[in-house]
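Colleague: I am new to this structure. Could you walk me through how to read it?

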Amino acid sequence: MTADDLVVVGEQGVPFSKGLMAQAFMATGLAPERAYSVAAAVERSEKRRGHTAVSRSQLHSIARRILGPDEGDLLIERLDQWQSLR
């Protein structure tokens, strides 16, 4: 891990992974290209703000904002359902 890495708090400080976030989005039905694009945008957004740590709920909020209200709300609802099944 480098000083520029984004860390997800509440997960024992694990590094943020665009791939894992995109994979979770794909499990909700989001197309692979769109899922990775959103995950990359989330990472860029937080790094641009100078953040080095972010919670899962903050990640969801950022993704919802990037996707827009209709698509974002549906995706986060599906993501929450998927994670509760895991």
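Modeller: Let us start with one residue. Gln83 is found in helix 4. Keep in mind that this is a predicted model.

Colleague: Is Gln83 buried, partly exposed or exposed?

Modeller: Gln83 counts as partly exposed, because its relative accessibility is 24% and buried would need under 20%. Beyond its neighbours within four places in sequence, Gln83 is in contact with Arg56 and His60.

Colleague: How far apart are Gln83 and Ala27 in sequence and in space?

Modeller: Along the sequence, 56 residues separate Gln83 and Ala27. From C-alpha to C-alpha, the two are 9.8 Å apart.

Colleague: Back to His60. Where is His60 found?

Modeller: His60 sits in helix 3. Its relative accessibility is 11%, so His60 counts as buried. Leaving aside neighbours within four places in sequence, His60 is in contact with Ile76, Leu79, Asp80 and Gln83.

Colleague: Let us step back to the whole chain. How many helices and strands does the protein have?

Modeller: There are four helices and three strands. From the N terminus on, the order is β-β-α-α-β-α-α.

Colleague: How should I treat the confidence values?

Modeller: Where pLDDT is low, the predicted coordinates should not be read in detail. For this protein the mean pLDDT is 81. A value of 70 or more is reached by 88% of its residues.

Colleague: Where is confidence lowest, and where is it highest?

Modeller: Confidence is lowest in strand 1, residues 7-9, with a mean of 74. Confidence is highest in helix 2, residues 32-48, at 89.

Colleague: How do I read the packing of two helices?

Modeller: Two packed helices are described by the angle between their axes and the distance between the axes. Take helix 1, residues 18-27, and helix 4, residues 69-85. They pack at an angle of about 95°, and their axes are 9 Å apart. That angle makes helix 1 roughly perpendicular to helix 4.

Colleague: Which residues make that contact?

Modeller: Helix 1 contributes Ala24, Phe25 and Ala27. Helix 4 contributes Leu75, Leu79 and Trp82. By class, this contact of helix 1 with helix 4 has six nonpolar residues, with no polar and no charged ones.

Colleague: What is the idea behind a nonpolar core?

Modeller: In soluble globular proteins, nonpolar side chains tend to be buried together. In this model, the largest nonpolar core has 20 residues. Those with the most contacts inside it are Phe16, Met21, Phe25, Val42, Leu59 and Ala63. Helix 1, helix 2, helix 3 and helix 4 each supply at least two residues of this core.

Colleague: Which residues does Met21 touch?

Modeller: Not counting residues up to four places away in sequence, Met21 touches Phe16, Ala39, Val42, Leu59 and Ala63.

Colleague: And Ala63: is it buried or exposed?

Modeller: Ala63 counts as buried, because its relative accessibility is 0%. Ala63 is found in helix 3. With residues up to four places away in sequence left out, Ala63 touches Met21, Phe25, Val38, Val42 and Ile76. Ala63 and Glu43 are 20 residues apart in sequence, with 9.9 Å between their C-alpha atoms.

Colleague: What share of the protein is buried?

Modeller: Of the 86 residues in the protein, 36% are buried.

Colleague: Now a loop residue. Where does Ser17 lie?

Modeller: Ser17 lies in the loop between strand 2, residues 14-15, and helix 1. Ser17 is partly exposed, with a relative accessible area of 25%. Ser17 and Val7 are 10 residues apart along the chain, and their C-alpha atoms are separated by 9.0 Å.

Colleague: Last one. What share of the contacts join residues at least 24 apart?

Modeller: Count the contacts between residues at least 6 apart in sequence: 51% of them join residues at least 24 apart.

Definitions and conventions: Residues are numbered from 1 along each chain as its sequence is written. This is a predicted model: local features need pLDDT of at least 70, side-chain atom pairs count only at pLDDT 80 or more; totals for chains, interfaces and linings use all residues. Side-chain values use heavy atoms; hydrogens and water are left out. Axes are lines fitted to C-alpha atoms, for helices over the stretch in contact, and angles run from 0 to 180 degrees between N-to-C directions. Angles under 35 degrees count as roughly parallel, over 145 as roughly antiparallel, 65 to 115 as roughly perpendicular and the rest as oblique. Contact means heavy atoms within 4.5 Å. Ala, Val, Leu, Ile, Met, Phe, Trp, Tyr, Cys and Pro count as nonpolar, Asp, Glu, Lys and Arg as charged, and the others, Gly among them, as polar. pLDDT is the predictor's confidence in each residue, from 0 to 100. A nonpolar core is a set of buried Ala, Val, Leu, Ile, Met, Phe, Trp, Tyr and Cys residues joined through side-chain atoms within 4.5 Å. Buried means under 20% relative accessible area, exposed over 50%, partly exposed in between (1.4 Å probe, protein chains only).
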